[in-house]
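This briefing looks at charged pairs and at one helix position in the structure shown below. The points that follow are grouped by topic.

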Amino acid sequence: MNENFNLKRLQTICRYGSYCIIVIMALLLLLAFVVAILLFSPESWQEIIDSGIPEPEIIPIMIILITTSIIMLLVLAIVYKLMKAISKERTPFTIKNVKYIKSISILILIAGLAVPVLENLVMKIAYPEAESSISINFFMVLAAIAMYCLSLVFQYGVYLQNESDQTL
């Protein structure tokens, strides 16, 4: 009875959490749309150049922002799917949820490793004479490792759930 109550609470939290994720994603997409409109208007482009940011640096900055935003939206979309799945299943320990958590860990790892490499590459193309260095975000790498470990815990939970179901 107590386990069922905790599952119901988890399902309720995940259901409301999935609604919050949808709102956050909609706001981020709206913000991205507004920023894109502002950035691609000729007046805004001229204001950016007049502000002192060198023109060759604007495009690399935009590429990095777009890449980071896409990764963030993908993580939010997978978190939404995970919460939706947990809110509907009779157990959170399913292979589908394990795959969602592993996907999140991979995207976080990409954000921590690939985005700095991309940033370095884009800046090297924009400024070939400049010195370059890659600054890996170790917090993101540690978060990716933690998420991967969590996926392994869920995978073990799937095994235990299957064992329990077969015993009954």
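Asp165 counts as partly exposed, at 32% relative accessibility. In this predicted model, Asp165 is the acidic partner of Arg90 in a salt bridge whose closest N and O atoms are 2.4 Å apart, and the structure holds 2 salt bridges.

**The Arg90–Asp165 pair**

- The salt bridge between Arg90 and Asp165, with its closest N and O atoms 2.4 Å apart, links distant parts of the chain, since the two residues are 75 residues apart.
- Arg90 lies in the loop between helix 3 and helix 4 (95-126), whereas Asp165 belongs to helix 5 (residues 138-167).
- Arg90 is exposed because its relative accessible area of 52% is over the 50% cut-off, while Asp165, at 32%, is partly exposed.

**The Lys96–Glu89 pair**

- Lys96 forms a salt bridge with Glu89, and the closest N and O atoms of this pair are 3.6 Å apart, a separation that falls within the 4 Å limit for such a contact.
- Both partners count as partly exposed, Lys96 having a relative accessibility of 39% and Glu89 one of 28%.

**Ile59 in helix 3**

- Ile59 is placed in helix 3, which spans residues 55-88, and is partly exposed, with a relative accessible area of 46%.
- The C-alpha atoms of Ile59 and Val122 are separated by 8.8 Å, although the two residues are 63 residues apart along the chain.

Terms used. Residues numbered from 1 in each chain as written. Predicted model: local features only at pLDDT ≥ 70, side-chain atom pairs only at ≥ 80, totals over all residues. Heavy atoms only, no water. Helix = DSSP H or I, 4+ residues; strand = E, 2+ residues; numbered from the N terminus. Buried < 20%, exposed > 50% of the residue type's maximum accessible area, 1.4 Å probe, protein only. Salt bridge = Lys/Arg side-chain N within 4 Å of Asp/Glu carboxyl O.
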